[in-house]
Amino acid sequence: MNRQSTHFVIKGGRLIDPASNRDGVFDIRVRNGKVDAIGASLESGNAIVIDAKDHIVTPGLIDVHLHLMKGLGAFGVDPDIFGVGSGVTTVVDAGSAGHTLLNVFRNYVTDNAKTRVLNYINLSTLGGVSGPGYSILADPRLIDEAKIEQAVEANRDIIVGIKIMATGGALGAQGLKPLERARRLGDRLKLPLLVHIGESWTKDTASVHVGDVLKYLRAGDIVTHMFTVHPGGLLDGNGKLWPQVRDAKESGVLMDVGHGLHNLNFDVARKVLDQGLHPDGVSTDGHRGNRAGPVYDLPTTMAKLMALGFSLNQVIEMATANAAKLLGRSNELGTLRVGESADISILKIEDRDWQAIDSQKGTIPAHQAILPVYAIRADVIYEPLPVERP
Ligand SMILES: [Zn+2]
């Protein structure tokens, strides 16, 4: 059950807040929805006590890639399911809305959610209306720079970038021209591009080479689906990173997991990681069709990265400090600050053996599970919704 309280203390948890170099047992007092104090053994007085002993406390977790327009096609999911219902306080929609739907998104999704909902506006006017297998960028009239600009300027508070499907299926006869137009638009609006790679939906079209896509990306732009096994991914035929991928990473292009139904493959992940390329953001690519597996939620996706060799502190850093940086929101998200609105996740780490599953039903052994306990936004403490995890 969710609880509202104007005065509570989270007691005895291990706070891991990489952005402020905190890793230790701290209490956190929340008064009137704001972080009032962080310290060892705070007085609780008449405050409600949330016992976090043996739990991990983190800045509110951030899931940087999902599909959150509930009712839209086969994918749109209520943001609070992968959000506060999964121990996560910020979720980001990746391109459900083009410019014509952005106000609908704002009014019906962001403004109605208990979770903070941010948005990557789709370069294509169609956004997610037609489903992912359709050529949404193949007609040049489906990119309207002036209208996108208007929509962005009216919604800067929720817009964090521009989403592009860089697949042969989506680009069609336009080839790379939409990327060129996105580049100009991103520069003019000072917004990063979030680029989907991997031919996961349209297998009958020639794929786009990732090296050609990366030519259009700059520092701060994001490639999502870094571990895709589908054509158009980061590896060449011998399992080596394309040289352009290393160059892009060195120039500051960011890499996101984007698990989803199709795009987390453990064999690919191991090859990519063994060559030293690490994710900047961890995301579920959550939607209606993958909540019941293989994705489940962000904590489970983080635990899969642990099964691939990352430490708990590293995956928490990805889902807090690094995610905030990737969104250009480090000044407000990703770390706990006294005086700011409370935005906190509480997690339980279970030491047990389980089989982590990828998008192709491949498995690897995992030894720790991450379970959400609470998500806290301001003066409300949210309990997770049920999900059948592996
Ligand atoms: Zn997606």
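Contact here means heavy atoms within 4.5 Å. By that criterion, and leaving aside residues up to four places away in sequence, Leu 234 touches Ile 197, Val 210, Met 226, Lys 240, Leu 241, Trp 242, Val 245, Met 255 and Leu 277. The model is predicted.

**Nonpolar cores**
- The largest nonpolar core has 88 residues. Leu 234 is among those with the most contacts inside this core, together with Leu 123, Phe 227, Met 302 and Leu 305.
- Helix H9 gives the most to this core, with 6 residues.
- Another core, of 18 residues, lies apart from the largest one, and Val 30, Val 35, Val 57 and Ile 344 are among its members.
- In soluble globular proteins, nonpolar side chains tend to be buried together.

**Helix H9**
- H9 is mostly covered, with 10 of its 10 residues buried.
- The buried residues of H9 include Met 302 and Leu 305, and also Thr 300, Thr 301 and Lys 304.
- Gly 309 follows H9 and has a positive phi, near 120 degrees.

**Zinc site**
- Three residues coordinate the zinc ion at 2.1 to 2.2 Å: His 65 through NE2, His 67 through NE2 and Asp 285 through OD.
- The spacing of these donor residues in sequence is H-x1-H-x217-D.
- His 67 sits in the loop between strand S7 (61-66) and helix H1 (79-82), and Asp 285 in the loop between helix H8 (266-274) and helix H9 (298-307), so the pair ties together parts that are 218 residues apart in sequence.
- His 67 and Asp 285 are both buried.

**Packing of H3 and H5**
- Helix H3 (residues 145-154) packs with helix H5 (residues 177-189) at an angle of about 35 degrees, and their axes are 11 Å apart.
- The crossing of these two helices, H3 and H5, is right-handed.
- From H3, the residues in contact are Glu 145, Ile 148, Glu 149, Val 152 and Glu 153; they meet Arg 181, Leu 185, Arg 188 and Leu 189 in H5.
- By class, this contact of H3 with H5 has 4 nonpolar and 5 charged residues, and no polar ones.
- An α-helix has 3.6 residues a turn, so residues three or four places apart point the same way.

Notes:
Residues numbered from 1 in each chain as written. Predicted model: local features only at pLDDT ≥ 70, side-chain atom pairs only at ≥ 80, totals over all residues. Heavy atoms only, no water. Donors = N, O, S within 2.8 Å, 3.2 Å for Na, K, Ca; no water. Helix = DSSP H or I, 4+ residues; strand = E, 2+ residues; numbered from the N terminus. Buried < 20%, exposed > 50% of the residue type's maximum accessible area, 1.4 Å probe, protein only. Axes fitted to C-alpha atoms, helices over the stretch in contact; angles between N-to-C directions. Left-handed = near helix turned anticlockwise from the far one by under 90°. Nonpolar A, V, L, I, M, F, W, Y, C, P; charged D, E, K, R; others polar. Core = buried A, V, L, I, M, F, W, Y, C linked by side-chain atoms within 4.5 Å.
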